[in-house]
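User: Hi! Could you walk me through this structure in plain words?

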Amino acid sequence: MYRSSVVRARKRACLEPWVVGLITFISLIVLAVCIGLIIHYARYNQKKTYNYYSTLSFTSNKVYDEFGKEASENFTKMSQKIESMVKNAFHKSSLRGKFVKSHIIKFSQEEHGVLAHMLLIFRFPSTEDPETINKIIQHVLHEKLQDAVGPPKLDPESVEIKKINKTETDNFLNNCCGTRRNKTPGQSLRIVGGTEVQEGEWPWQTSLQWDGIHRCGATLINDTWLVSAAHCFRTYKDPARWTASFGVTIYPPKMRRALRRIIVHEKYKYPSHDYDISVLELSRPVPYTNAVHKICLPDASHEFRPGDEMFVTGFGALQNDGSSQNHLRQVQVDLIDAKICNAPQAYNNAITPTMLCAGSLKGNKDACQGDSGGPLVSPDARDIWYLAGIVSWGDECGQPNKPGVYTKVTTFRDWITSKTGV
């Protein structure tokens, strides 16, 4: 007789409904608090740019004419002094971590002194009240500039500020020569075998096209005039067949203009490389934008020195006898002393006082065919860029001991003014 097996059912442990509801309720509260904290933290830490247009009176032992001209060395020195005073004022205040930069855009004459017109840029949490910010900025300038040691002698009580938007800020900066929107990355990017640049990095770069085909580069020096090389027009002389385009690509361009006039230096005589400079008048002015605006021209007395940061840009070939490129390229180059460049193994005394040498004695950093007429540029202490040279000639492209040779702009500064008024 078999015993019947008894299987006992295991009793399932379960929570009471009210306990489940309580846990769910608490979980939802915790989740809501976490989300709220994240949103609050993100919002509080989100930075917003605030731009201001400011004026500040000062007196100086120099007369206005000595620094009233944009891009002159005296303009640069005076701008640098005032920007430094303003920077120090904010760095000694509660706004130290929020101040980004000050930028002088022009000077104007007053009855009892000079007025500096300046942009001020800050970064504040988006939760800050704009009216409160305005009052704090004005208070800091009034208070801290009292301690500024001149010359120039500032009048802190004269400070006026007005909040402006990004479009207004861009318009002010675009009307200043030599400003850029994007900074070049640390590594060098070569024209010969290099990579492409971004919009706004070199806004003065121009492509010159004969019957629609790129032939040379040029540089925008105001809304109506370009600077280029004389040799670009040795054969192609009719301005009606030339067009100038702007932007980082030739096709499509950001802007395009016909040429009205070509003025080649009177002393340029092929096959000599001396006096290799020309100025070109556009058929109508170009409006300045973030992507298209002018370079600064240095004073005739300015000296660029070996060790100065320099870049050359262009749409030229990637190798000797190669084809031009549709996208703009750049390369950082070294300014090379004329004595070194005139050595027998280099150019054997072919470099004259009207020329600059730049590149690398090791090779591989150079302009090439199609870059002729384009800019060699260098920044000053304010990060404002100046035209140092014009791509002129060289022995092939990127060869050892054969750096690029450029027309020296300072030598022809007065000639440029005589033809263009710039």
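Analyst: Happy to; we can go through some strands, a helix and a surface patch.

Analyst: This is a predicted model, where local features need pLDDT of at least 70, side-chain atom pairs count only at pLDDT 80 or more, and totals for chains, interfaces and linings use all residues. Residues are numbered from 1 along each chain as its sequence is written, and side-chain values use heavy atoms, with hydrogens and water left out.

User: Great. Which strands make up the barrel that starts with β5?

Analyst: That closed barrel has 6 strands in the order β5-β6-β7-β10-β9-β8, paired antiparallel. Its neighbouring strands are turned by 45° against each other on average, direction ignored. Strands here are DSSP runs (E, at least two residues; helices are H or I, at least four), numbered from the N terminus, and two strands pair if DSSP finds at least two bridges between them. Angles run from 0 to 180 degrees between N-to-C directions, with axes fitted as lines to C-alpha atoms, for helices over the stretch in contact.

User: How do β5 and β6 pair?

Analyst: β5 (residues 205–210) pairs with β6 in the antiparallel sense over 6 bridges. Gln209 faces His214 in β6. The two strands form a hairpin with 2 residues between them, and Asp211 in the turn has a positive phi of about 55°.

User: Is β6 mostly covered or exposed?

Analyst: Mostly covered: 6 of the 8 residues in β6 (residues 213–220) are buried. Buried means under 20% relative accessible area, exposed over 50%, and partly exposed in between (1.4 Å probe, protein chains only).

User: Which helix lies across β7, β9 and β10?

Analyst: That's α6 (residues 413–420), which runs at about 30° to β10.

User: Switching topic: which residues make the nonpolar surface patch?

Analyst: Leu22, Phe25, Ile26, Ile29, Val30 and Val33 make a patch of about 540 Å². Patch residues have over 30% relative accessible area and no salt bridge, with nonpolar side chains (Val, Leu, Ile, Met, Phe, Trp, Tyr) joined within 5 Å and like charges within 9 Å. A salt bridge is a side-chain nitrogen of Lys or Arg within 4 Å of a carboxyl oxygen of Asp or Glu.

User: Where does Val33 lie?

Analyst: In helix α1 (residues 17–45). Val33 is partly exposed, at a relative accessible area of 47%.

Definitions and conventions. Areas by Shrake-Rupley, 256 points an atom, 1.4 Å probe, with all protein chains shown as cover. Contact = heavy atoms within 4.5 Å.
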